[in-house]
Amino acid sequence: MRCFVCQSDEFHQISLNQNLLDASDFCEVGATIIGYSYVLTTCKKCGHSAIQTDNPCLLPTRKYDFVKYGEPIEHYPKVSLILRALNLDLDNISIHTFSYKDFQLANFLAKDLAISDVNLNDHAGCSDDWLPVNSSDGIKQDPLPLERLINEINKSDKSHQLILITRFFDHVANHDLLQKILRLNSPTRHIVFDLNDYERLFELGTLEFLWNERRNLFRRSHLESILQKYNLKYLMFSYESHEVSPTLTGVISERLKQSPNSSAVDVTKLSAPHLVEKLIALRQRWQDKLTMSHKLGIIGASHKGVSLAQFVLDSQVKYSLHDDKEALKGKTPPVAPPLGFHSVSGFDFSEYTHIAITTTLVIAAKKIPKLRASGYTGEILDFDGRKLD
Ligand SMILES: [Zn+2]
């Protein structure tokens with residue numbers, strides 16, 4: 001593997017464990033399960049952080065789409081303003097989505113900019129679709145979803161195309177795929193992207209953003225460095241609110257007046273985020289808390305609860321996983337909790353010494369009084385092992 005930003009092959013790294021599933025999601029009972037190794041890396045040269053793996057998937061995305069999350073929307077008007085300033089002929093433009101995560105933005109822009117040719121297709125699909133394909137004569141072919149996206153864009157009879165790639169950059173696991181998407185840009189094609197603002201997330205002192213579906217934890221300067229390498233004109237801004245994690249959004253278009261000159265940041269001079277050291281410290285913190293006789297209930301089985309079990313906890317820890325989501329009933333979690341997978345409501349936690357709540361703070365604030373009212377006296381902690389009450 002080479003660094004996505006500077007191509008170096010020297011990394012600081014730490015194992016995120018062996019034999020992990022290829023998507024940190026829940027599966028039907030009896031589904032075929034393939035395990036891979038995941039490694040958290042920081043490039044020694046430029047400090048770019050990534051999750052590397054022997055999983056060959058080009059785009060790790062949710063394998064089972066029954067758990068869907070609302071994407072932040074407050075920054076949509078700003079995206080719309082940037083697009084308006086491009087002076088496009090809005091009667092002669094088509095919108096193309098990469099995944100279902102773009103649907104909301106596509107619908108907003110269609111309404112706000114009065115665009116009628118909107119193609120809502122979930123090309124990203126699930127990770128199984130993004131495994132490399134070999135044809136019978138041994139020639140490597142693009143994964144089908146990529147081919148379908150490119151065909152759809154090529155078939156547009158409008159003079160301009162607007163391509164939405166929400167949460168693409170942090171999930172892309174292959175240089176070729178990144179290159180193919182960025183090369184879609186042309187004088188008549190314009191790309192809108194967003195991803196987590198990892199620079200800001202690193203500053204928050206948590207590691208809850210680690211997830212094996214996220215492969216590139218691009219900081220703003222690193223992403224800018226890549227876009228500049230492809231000679232793309234872009235504009236990006238950061239967005240955050242209490243409800244959502246910091247998000248970086250931007251537009252790539254030849255019509256933009258000029259690119260900000262790299263914020264003049266030399267990517268090799270960015271300070272390292274020290275994620276390897278932070279993960280070692282986090283593992284130690286949890287290890288110090290839990291002895292063999294302790295029992296831990298993890299509430300919130302979305303990726304954070306699973307990441308806690310997969311990446312952080314010692315293999316000896318006795319824990320159970322809990323979630324009330326209707327969609328997860330009867331499913332198998334991608335970890336095998338020694339004390340099982342259960343709902344939260346109605347579960348008797350009285351034998352448990354610790355509870356970790358890995359949902360949002362808003363949900364945690366509702367759960368904690370209920371747990372205490374039910375007589376629970378153990379420690380209630382967050383993903384990072386910090387006391388919540
Ligand atoms: Zn690098």
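This section describes the sheets, helices and nonpolar core of a predicted model.

A mixed sheet is considered first. Six strands make up an open sheet, and their order is β7-β6-β10-β11-β14-β13. The pairing within this sheet is mixed. From one strand to the next, the twist averages 15 degrees. Helix α1 (residues 76-84) packs on this sheet and touches β11, β13 and β14. The direction of α1 makes about 15 degrees with that of β14.

The pairing can be followed strand by strand. Strand β6 (residues 93-97) and strand β10 (residues 160-166) run parallel and are joined by 5 bridges. Here Ser94 stands opposite Gln161 of β10. Strand β11 (residues 189-196) pairs with β14 in the antiparallel sense, over 6 bridges. Asp194 has Thr249 of β14 as its bridge partner. Strand β13 (residues 234-239) and β14 also run antiparallel, with 6 bridges between them. In this case Tyr239 is bridged to Thr247 of β14.

Strand β14 (residues 247-252) is enclosed. Of its 6 residues, 6 are buried, so the strand is largely enclosed by the rest of the structure. In a regular strand, side chains alternate between the two faces of the sheet. Both faces of β14 are covered. Thr247, Thr249 and Val251 are buried on one side, and Leu248, Gly250 and Ile252 are buried on the other.

Helix α6 (residues 220-229) has 8 of its 10 residues buried, so it too is largely enclosed by the rest of the structure. The buried residues in α6 are Arg220, Ser221, His222, Leu223, Glu224, Ser225, Ile226 and Leu227. Their cover includes α5 (198-203), β13 and β14. Just after α6, Asn231 adopts a positive phi of about 55 degrees.

Helix α1 also meets helix α2 (residues 103-112). The two axes come within 10 Å and cross at roughly 55 degrees. That angle makes α1 oblique to α2. The crossing of α1 past α2 is right-handed. On α1, the contact is made by Tyr76, Ser80 and Leu83. On α2, Leu105, Phe108, Leu109 and Asp112 take part. An α-helix has 3.6 residues a turn, so residues three or four places apart point the same way.

A second sheet is antiparallel. Its 4 strands form an open sheet in the order β1-β4-β5-β12. The edge strands are β1 (11-15) and β12 (216-217), each of which pairs on one side only. Strand β5 (residues 49-53) and β12 run antiparallel and are joined by 2 bridges. Ser49 has Leu217 of β12 as its bridge partner.

The nonpolar core comes next. The largest nonpolar core contains 91 residues. Leu164 and Ala356 have the most contacts inside this core. Helix α8 (residues 303-312) gives the most to the core, with 5 residues. Beyond its neighbours within four places in sequence, Ala356 is in contact with Leu296, Ile298, Ile299, Leu308, Leu381, Asp382 and Phe383.

Helix α8 has 10 of its 10 residues buried, so it is largely enclosed by the rest of the structure. The buried residues are His303, Lys304, Gly305, Val306, Ser307, Leu308, Ala309, Gln310, Phe311 and Val312. The elements that cover them include β2 (20-21), α7 (275-289), β15 (296-299), β16 (319-322) and β18 (354-357).

Ser320 lies in strand β16. With 20 other C-beta atoms within 10 Å, Ser320 is buried; the cut-off for this class is 20 or more. Apart from neighbours within four places in sequence, the contacts of Ser320 are Gly297, Pro337, Leu339, Gly340, Phe341 and His342. Ser320 and Thr166 are 154 residues apart along the chain, and their C-alpha atoms are separated by 33 Å.

Notes. Residues are numbered from 1 along each chain as its sequence is written. This is a predicted model: local features need pLDDT of at least 70, side-chain atom pairs count only at pLDDT 80 or more; totals for chains, interfaces and linings use all residues. A nonpolar core is a set of buried Ala, Val, Leu, Ile, Met, Phe, Trp, Tyr and Cys residues joined through C-beta atoms within 7 Å. A residue is buried if 20 or more other C-beta atoms lie within 10 Å of its own, exposed if 12 or fewer, and partly exposed in between; C-beta atoms are placed from the backbone. Two residues are in contact if their C-beta atoms, placed from the backbone, lie within 7 Å. Two strands pair if DSSP finds at least two bridges between them. Axes are lines fitted to C-alpha atoms, for helices over the stretch in contact, and angles run from 0 to 180 degrees between N-to-C directions. Angles under 35 degrees count as roughly parallel, over 145 as roughly antiparallel, 65 to 115 as roughly perpendicular and the rest as oblique. A crossing is left-handed if the near helix is turned anticlockwise from the far one by less than a right angle, and right-handed if clockwise.
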